Amino acid sequence: MSTRVRFAPSPTGHLHVGNARTALFNYLFAASKKGKFILRIEDTDLQRSSMENEEMIYEDMNWLGFYWDEGPRKGGDYGPYRQTERFDLYKKYADKLLEKGHAYKCFCSKEELEEEKEKALAEGRPPRYSGKCRNLSEAEVEKLEKKGIKPSIRFKVNKENVLVSDEIRGDIDFRTDSFGDFIIVRPDGTPVYNFVVVIDDALMKISHVIRGDDHLSNTPKQVLMFEAMGFDIPKFAHIPMILGPDHSKLSKRHGVTSINVFRDQGYLPEALFNYLALLSWSDENEREILSREELAEVFSLERVSKSAAVFDFDKLKWMNGIYIRNLDEEDFFERVKPFIVKSGVTHRHYIDENSERVKQMALSVRDNLDLLSDIGNYLKIYFEYPATFDEQASEILSWETTPVVINMFKEEVERAEEIDGVKYKEIVKKIQKEKKIKGKPLFMAIRVGLSGKTKGPEVDKLVTLLDKDELLKRLTTASAYLSE
């Protein structure tokens, strides 16, 4: 049987990291087996689902590089790929289950069911359905329907145990008395998740169902329905949940959890892709930086842990910094441009007019970036000179040699037609020779004079990327401060 896996999100908003990691494991597993990755939209929650939310899912998946082989916008032989477009199929199989005696109509009201549930809980029993409507005769059913009572449809559970074979957790034996006969179609005719997912997985010929372990309790119900409808049962693999740094379930209170926010903060999709792959999975050679091609080659369910993964925001940032530094120069500049504009240090027109200069400015601070959104803080040094000097800069300005260096450097800049790398080195050598100043007293004096800061890009970058007028303006400000 060919490998076919699916990712089936509900269109209720942007993807969060838990869903994205599930999509990733499916995507990598399909790639490792030369199989198919199917996207299916589970939009039966009509109140929360919307096309706008569906667009968000496509946006997040495209950004992360999850390209599906079949699904909405792509088509395929097993569509449609939205559940709301498959209701005729669900009705057909619900009718079949009723005909074969695997399901029955239940006329119990919400109030009756709630009362049953409360009584069971009070008596310390699992809150399962009593089976009151299980053996209604055709005449009784007809009589109730004539009264206008709309029934739900319940699946008839006739087994005491269901054995689930899980690719990660091994064999798990579930007792059915924990859930009893369960609803597959609501009184309004809407099919429920556990029912439709079985039909979709079977008709789409899904070979492996890889999903979060929060779905594990649904699996025995689904196995029973696969069997009742005569479908082949796919292999199941339930991946562990993702925890926050405090080891509770990852949520918004821990920080960023939505994929679009990671994107807006300046994370690279390659870095997030890589990091998510390492949550409950590890490379046998213990590598941490792996390209998507390398991950697709080495990924296997056998190396997925049973233990929950802790989302380490600091490690993700560290990894993102590595990916930023490994980008091709042109690629880096194209990706960082929107963040430069957004930071407000300069505007799009200036970048377009001075593209090569701004690119070199950005490259000069690239090693400092963990996020693309950090660019404004580091690039500011090229566009702003501080109104006051901080403690560290003031200390360097207080050195006896600093006025000598700054004043001579300023004089040499005034004489020069332009300042390039060669001219900068000439000036430095001249100061060293004539004033006998070198090392830290020389270079830190120039740095503070030009930037007002003790840290930043290499001094030669500052000198060559600022135009002559700006250099003189800054040196004059520093010189005036020294004369005071």
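Where does UniProt place the feature "domain: Aminoacyl-tRNA synthetase class I anticodon-binding"? The record, an unreviewed entry, puts it at residues 332-478.

## Getting your bearings

What you have here is a predicted model. The chain splits into four parts: domain 1 (1-71 + 240-326), domain 2 (84-239), domain 3 (329-383) and domain 4 (385-482). Notice that domain 1 is built from two separate stretches of the chain, 1-71 and 240-326.

## What the record marks

Back to that UniProt feature at residues 332-478. The span is 71% helix and 0% strand, and its end C-alpha atoms lie 34 Å apart.

UniProt also lists a "short sequence motif: 'HIGH' region" at residues 9-19, again from an unreviewed entry. Here the chain is 27% helix and 0% strand, with 7 Å between the end C-alpha atoms.

## Where domain 1 meets domain 3

The C-alpha centres of domain 1 and domain 3 are 28 Å apart, and the contact draws 13 residues from domain 1 and 11 residues from domain 3. Together the two bury about 1,000 Å², with 53% of that on carbon and sulfur atoms. On the domain 1 side, Lys-317, Ile-324 and Arg-325 lose the most area to domain 3, making up 50% of what that side buries.

How many salt bridges are there between domain 1 and domain 3? The count is 1. Arg-335 forms a salt bridge with Glu-270, and their closest N and O atoms are 2.6 Å apart.

H11 supplies the largest share, 5 residues. Sorted by class, that side has 4 nonpolar, 4 polar and 5 charged residues.

Most residues other than glycine have a negative phi, and most peptide bonds are trans. Two places in this chain go the other way. The peptide bond from Gly-79 to Pro-80 is cis, with omega near 0°. Pro-80 sits in the loop between helix H2 (51-64) and helix H3 (87-99).

The other place is Ser-280, which has a positive phi of about 75° even though it is not a glycine. You'll find Ser-280 in the loop between H9 and helix H10 (292-298).

Terms used. Residues numbered from 1 in each chain as written. Predicted model: local features only at pLDDT ≥ 70, side-chain atom pairs only at ≥ 80, totals over all residues. Heavy atoms only, no water. Domains from an automatic or database assignment. Contact = heavy atoms within 4.5 Å. Buried area = accessible area lost by both parts, 1.4 Å probe. Salt bridge = Lys/Arg side-chain N within 4 Å of Asp/Glu carboxyl O. Helix = DSSP H or I, 4+ residues; strand = E, 2+ residues; numbered from the N terminus. Nonpolar A, V, L, I, M, F, W, Y, C, P; charged D, E, K, R; others polar. UniProt positions renumbered as here; feature names shortened; annotations may be inferred.
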